[in-house]
Amino acid sequence: MNNKLINNSKTDRFILFLNKIVLSLIVLIVTVPLLYVLLGSFLQPDVLLTRGISFDPSHWTIDGYVRIFQDGTIMRGFFNSIIYATGFTLVAIVFTIMAGYSLSVDGLVGKKAIMIYFIFTMFFNGGMVPTYLLVRELGMLNTPWAIILPGAITVWNIILARTYFKGLPVALKEAAMIDGASDTRIFLSIILPLSKPIIFVLALYSFIGQWNAYFNAMIYLEDRSLYPLQLILRDILIQNEVQPGMIGDQMARAELQRLAEMIKYSAIVIASLPLMIMYPFFQKYFEKGVMVGSLK
Amino acid sequence: MATPKSDTITSGMPQAEKKKNSPLAYIRKNYILYLFLLPAIILVFVFNYIPMYGVTIAFKDFSPLKGIAASEWVGLEHFRKFLESPNFQQIFVNTIKLSTFELLLGFPVPIILALMLNQVRRAGIKKNIQLVIYAPHFISVVVIAGMIFIFLSPAGPLNALLGLVLDRPVSFMSEPGYFRTIFIASGIWQGAGFASIIYVAALSNVDPQLHDAATIDGASLLQRIRHIDLQTLKPTMTVLFILAVGGIMTIGFEKAYLLQTSMNLPASEIIDTYVYKRGLQAADWSFGAAIGLFNSVISLILLVTVNFIVKKVNGETLY
């Protein structure tokens, strides 16, 4: 754009200047709370509570992290979350891609009926109580299946996949067909290799969605050893429960409270850092995902 | 594609020509495609359609011993109980207020953000700003709620700042009056950046020549934003608005539940949190299912109505 050459009136330039200021403010508003928690997790709790963020090295500590690693509850939650999110993503991706491919085939008999069957569920659902009763009836309460199976198929994702497949060049498929390739062959050796972007986008969405979820785990899991990370975090951050392994035995109540506060900061950092570090590498895929969705 | 036409090409048999109109023959020939669909169809049947049958317990007195079919019908008894309960009005108004305010305040922010980002000339700077403002989207709702409790606690940093002007800390989380503001502001903080992606993408499709031509014709920056950029965004805005209204009754329930304290309940109890407490925690299955159904039906009506109105007004529609 060579607008710079043609414009600008004084007002325009003022508005552009204002725009920069406001955007900088927005960046500050987003980053300051995150940095506060990050720095706070390395500060002695009394210093943080009485004086705020301090850059004096004698006030720094990694005690919060040490206690979290010692206790193991968070680490077990971390491990559980990896299993749940991976399982959920596998089920979601494999079945969504397969269904999306079939629905993208021109002339599939019964396509309309099948689409209506799927889309209807976007407008109406049974709700929390009937779903819970079903999961209980299936004997999945307090098992990983209750986390992995319900919600793995999202109709929206099937539509996304279908849209993507429809956009692939038909010529390739037709050539293979003339050579006598079967549907399975075409799907495995022509369609799948071309579908890495959509598979990656859907996998990212599913994995992150499941990684950050707590609600299903809260209603379906009872056994603490099955808890995913988010549920453990909820106990620490919201319910103010400190795991016994994180603190020594004879501690004064006030000391205990200060420690609990510090553990909160470290727990937030441990839980959020992996995604915060990884997502810039995936940024373009998120944008791509939104674009596919907007085509519909 | 495995159309009947290519079928004849590959096999070259005249019988295939005859069979081409029969759907059964098509299915037999392309059964793999249906096998591909099967897992998704089964999972949707089990986890979406069976609960739809299960919602009939809203009209029954469900007892787990008898099962759904054998439980007695009670008609609209549970709905009547909910509508007449002293909590009803408050919970209903809380739900409507929370989601309407969130929609009205939250919806324009990503659009404005995208328009602002679109004015950043240098691509590198724009990318970096985007990188930063998308970040909170990836933080879990539990952590967001945890951060809210930390920042707003009487001994927290916000009160430390306010302590310069006020003589006594504000207990934000136990004051019903602050709940909606906290809920909505944190929602915008977390989601607005990421939600702007779709608008930024739409704006990148605008032909720069349009802007150049308008500038030569003497259009000011604001005029160009209004007549070119905003017009480009209109279809996207419409679809997202309809979807948002359709989701109005189910908005942000996971966060609302986390931010609830016994003190702020007068503002924070919404229909979905109430369903959870009565239906699952108190095991009042039928009553919970009835409230849930009441909620879904309102959502459905809202979605259809808004879609109808928008269609009338500017011809865009969702389905």
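Two residues are in contact here if their C-beta atoms, placed from the backbone, lie within 7 Å. Keep that in mind, everyone, as we go through this one together.

A word on the model. It is predicted, so local features need pLDDT of at least 70 and side-chain atom pairs count only at pLDDT 80 or more, while totals for chains, interfaces and linings use all residues. Residues are numbered from 1 along each chain as its sequence is written, and chains are lettered from A and ligands numbered from 1 in the order in which they are written.

Let's start where the chains meet. On chain A, 84 residues are in contact with 76 residues of chain B. The chain A side of that divides into 53 nonpolar, 24 polar and seven charged residues. Nonpolar covers Ala, Val, Leu, Ile, Met, Phe, Trp, Tyr, Cys and Pro; charged covers Asp, Glu, Lys and Arg; the others, Gly among them, are polar.

Now, how do helix 5 of chain A and helix 4 of chain B cross? Their axes come within 8 Å and cross at roughly 125 degrees. Axes are lines fitted to C-alpha atoms, for helices over the stretch in contact, with angles from 0 to 180 degrees between N-to-C directions. That makes the pair oblique, since angles under 35 degrees count as roughly parallel, over 145 as roughly antiparallel, 65 to 115 as roughly perpendicular and the rest as oblique. Helices, by the way, are DSSP runs (H or I, at least four residues), numbered from the N terminus. Among the residues making this contact are A:Phe95 and A:Tyr101 on one helix and B:Phe36 and B:Leu43 on the other. By class, the contact has ten nonpolar, two polar and no charged residues.

Next, helix 10 of chain B, residues 141-152. Ten of its twelve residues are buried, so helix 10 is largely enclosed by the rest of the structure. Buried means 20 or more other C-beta atoms within 10 Å of a residue's own, exposed means 12 or fewer, and partly exposed is in between. The buried ones include B:Val141, B:Gly146 and B:Leu152.

Finally, two loop residues to look at on your screens. A:Asn142 sits between helix 7 and helix 8 of chain A, and has a positive phi of about 60 degrees although it is not a glycine. Is A:Asn142 exposed or partly exposed? Partly exposed, because A:Asn142 has 13 C-beta neighbours inside 10 Å. B:Ala283, in the loop between helix 18 and helix 19 of chain B, has a positive phi near 55 degrees. With 11 C-beta neighbours inside 10 Å, B:Ala283 counts as exposed.

Technical notes
Expected span 1.5 Å × (residues − 1).
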